[in-house]
Amino acid sequence: MTKESQAYLEYHGRRVELESPFKLGRSKNCAFLLDEPQASREHAMIVLDTQAGHWLLTDLASTNGTYHNGRRLIGTERLKANDTFSIGAQEFIFRMPSGNASSRPTMTAPTLVAIERHAYWLILADIKNSTRFSQELPPGEASLKIRQWIDECRPPLDRAHCDINEYLGDGFLAVCREHRTTPEAVATLVKEFAELNSATGLNFRVVVHFGELQSGVAVSSGVEKLSGVAMNYVFKCEKAVSKFNARTNLTEAAFKKLGAPAALSKMGEVPVSGFDGGHAFYGWTGLAGVQTKP
């Protein structure tokens with residue numbers, strides 16, 4: 001990281017270190033939790049353009065807006081040393097010890113910035129036989145049940161500090177950066193999913209993987225985008241694990257990262273489309289609703 005990118009926020013006289021991407025809002029999943037009634041759950045985000053070495057401030061389509069140097073922020077602007085920005089009554093000062101000769105905010109192009117690589121937990125959950133399930137129920141009732149099921153899944157995800165990154169119609173993909181949680185918290189998440197008896201009656205399965213993703217921010221929307229081989233792999237695993245009659249399915253990488261807990265047993269090895277060789281999967285055994293084939 002260049003000297004120019006060594007930056008932090010000053011908030012009520014204290015120093016808040018920046019790590020890209022850095023979200024601010026009322027959600028406990030934000031890097032900076034705001035106790036501010038005018039703040040949205042995910043209100044604003046600061047990211048580092050690693051190529052240019054510039055820090056960028058983006059409003060995440062908040063209800064009450066983000067104000068940069070007294071002006072309402074539209075889209076994304078570059079932060080310079082000693083800039084101020086406010087969310088409701090909360091004011092922050094952007095500090096950059098090395099300084100910055102430029103004093104003019106720069107509107108960025110609608111592209112991806114802050115491309116970085118980090119290790120993530122990936123949790124892919126989907127409803128079994130969702131097509132048949134949707135056809136058997138009256139219009140609207142199927143989508144309502146799916147929304148109710150997702151709401152039931154949120155508390156375990158929140159406790160493990162995982163965010164739903166993408167809704168898939170019959171499921172979702174949740175992710176969590178490695179430094180934001182612990183293997184113990186993820187193990188508890190897996191156990192809670194294995195034991196979850198949904199009031200909707202929906203039968204679902206979960207795939208848990210651990211791998212590296214590259215993250216960037218679409219400046220035009222302020223939405224963080226994740227991509228990489230690990231993302232492709234976990235989606236391919238969704239079909240592969242259908243060979244096992246298990247609620248929870250952990251990849252070899254996830255199993256090893258958790259420390260190979262005794263409660264997880266190997267269910268077997270199966271091919272994964274697009275990836276060579278056989279791939280081992282592990283299931284949480286001895287729990288209600290969890291069965292594995294020999």
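**View A. What comes after helix 2.** Let's start just past a helix end in this predicted model: helix 2 is followed by His-161, and the phi of His-161 is positive, near 60°.

**View B. Helix 2, its span and its bend.** Helix 2 runs over residues 141–159, 19 residues in total. At 1.5 Å a residue it should span 27 Å, and its end C-alpha atoms lie 29 Å apart, which agrees. Look along the helix for a bend of about 30° at Cys-153, with a proline, Pro-155, following within four residues.

**View C. The buried side of helix 3.** Here you can pick out Val-186, Ala-187, Leu-189, Val-190, Phe-193 and Ala-194, which are buried in helix 3. They cover an arc of only 155° around the axis, so they sit on the same side of helix 3. The helix itself has 13 residues, 183–195; at 1.5 Å a residue these should span 18 Å, and the end C-alpha atoms are 18 Å apart, in agreement.

View D. Follow the strands in the order 2-1-11-10-7-8, paired in the antiparallel sense. At the edges stand strand 2 (14–17) and strand 8 (71–72); each has a single partner strand, so one side of each is left without a neighbour in the sheet.

**View E. Strands 10 and 11 together.** Zooming in on the sheet, strand 10 (residues 84–87) and strand 11 (residues 90–95) form an antiparallel pair over 4 bridges.

Terms used. Residues are numbered from 1 along each chain as its sequence is written. This is a predicted model: local features need pLDDT of at least 70, side-chain atom pairs count only at pLDDT 80 or more; totals for chains, interfaces and linings use all residues. Side-chain values use heavy atoms; hydrogens and water are left out. Two strands pair if DSSP finds at least two bridges between them. Helices (H or I, at least four residues) and strands (E, at least two) are DSSP runs, numbered from the N terminus. The expected span of a helix is 1.5 Å times one less than its number of residues. Buried means under 20% relative accessible area, exposed over 50%, partly exposed in between (1.4 Å probe, protein chains only). The arc is that of the directions from the helix axis to the C-beta atoms. The bend at a residue is the angle between axes fitted to the seven residues ending there and the seven starting there.
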